[in-house]
Amino acid sequence: MNVLDVHELHVDVLSTRLLNNVSFSIEKGSVVALVGHNGAGKSTLMKTIMGIQEKSNGEITLEETYSQDKHFLEFKRRIAFIPEEPLLMSELTAMQHFQLYGKSYGIQEEELMKRIERYIEGFELTGKLDEYPESLSKGMRQKVQTICAMLPDVPLLLIDEPFMGLDIYAIDYFEELLKEKIANGTAILLTTHQLERVKGLANQFIMLQEGELLHKGLIEEFETIKRRSDV
Ligand SMILES: Nc1ncnc2c1ncn2[C@@H]1O[C@H](COP(=O)(O)OP(=O)(O)OP(=O)(O)O)[C@@H](O)[C@H]1O
């Protein structure tokens, strides 16, 4: 089954076309690395799938059923996003962020508390639950954002530059969590400038160039395609 179908996606901002006719699918349990030069459109694609960036044309569907246009709430509940820069709310503590995510994804209270405890220990955030974002370090804010996305069991995870700003302990722990999610059937679309770092996770890649999908394939084919296309 396809977890994500992106069909003929176009995104324009003012008179600039940021994504041009992008189509691809992601199967259940697949991990796809989205690669491309700075400005290729990777973050724009992520934000458009999340509905943060408006599309001008095309269709985005989850689990072959839930259309971003027609079933927005069901769509949003099936997807979690870790942006490159933490997008936390200054008026909420770390704990309040977790509770907000728990509510919006309909996680049962007892299960939510269990997961929060597990993740704050794993990410070494014990004692930071009542802190507001401004009194956390950048890496700690990234951890809070990461935990928010790890709390629900969603079929699709979008991660813009995983591991950015995390220390080596947090990277190892996060990688283990992702492997656990993948084993349970979660599909992941992640952007990266360091393919080496995600090689243990990703099995496919999509290459964007100037807003267009240039290549897609298995991760093992990446080096050959990269050499051949000189990008
Ligand atoms: N809101 C916006 N308004 C106008 N142009 C934008 C907007 N957001 C992004 N762009 C432009 O769209 C293009 C793609 O940007 P995007 O952030 O998606 O690239 P990226 O592949 O994620 O790059 P990087 O590797 O640097 O993170 C860039 O040329 C950028 O200047």
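In which sense do β3 and strand β9 (residues 204-209) pair, and over how many bridges? The two strands pair in the parallel sense, over four bridges; strands count as paired if DSSP finds at least two bridges between them. Within this pairing, A33 has F205 of β9 as its bridge partner. The model is a predicted one, in which local features need pLDDT of at least 70 and side-chain atom pairs count only at pLDDT 80 or more, while totals for chains, interfaces and linings use all residues. Residues are numbered from 1 along each chain as its sequence is written.

The protein chain has eight helices and ten strands. The radius of gyration of the protein chain is 18 Å, close to the 17 Å given by the globule rule for 231 residues, so the chain is as compact as a globular protein of that length. The radius is taken over C-alpha atoms, and the rule is 2.2 Å times the number of residues to the power 0.38. Helices (H or I, at least four residues) and strands (E, at least two) are DSSP runs, numbered from the N terminus. Along the principal axes, the C-alpha atoms fill a box of roughly 50 × 40 × 35 Å. Of the 231 residues, 37% count as buried. A residue is buried if 20 or more other C-beta atoms lie within 10 Å of its own, exposed if 12 or fewer, and partly exposed in between, with C-beta atoms placed from the backbone. Among contacts between residues at least 6 apart in sequence, 69% join residues at least 24 apart; a contact requires C-beta atoms, placed from the backbone, to lie within 7 Å.

Strand β3 (residues 31-35) is largely enclosed by the rest of the structure, because five of its five residues are buried. In a regular strand the side chains alternate between the two faces of the sheet. In β3, V31, A33 and V35 point one way and V32 and L34 the other way.

The buried residues of α1 are K42, T44, L45, M46, T48 and I49. Just after α1, G51 takes a positive phi of about 90°.

Helix α5 (residues 138-150) has 13 residues and reaches 18 Å from its first C-alpha to its last, close to the 18 Å expected, a span of 1.5 Å times one less than the number of residues. Ten of the 13 residues of α5 are buried, so the helix is largely enclosed by the rest of the structure. Its buried residues, including M140, R141 and C148, pack against β6 (79-82), α3 (94-104), α4 (109-122) and α6. In α6 (residues 168-183) lies D172, which counts as partly exposed because it has 13 C-beta neighbours inside 10 Å.

Conventions: Contact = placed C-beta atoms within 7 Å.
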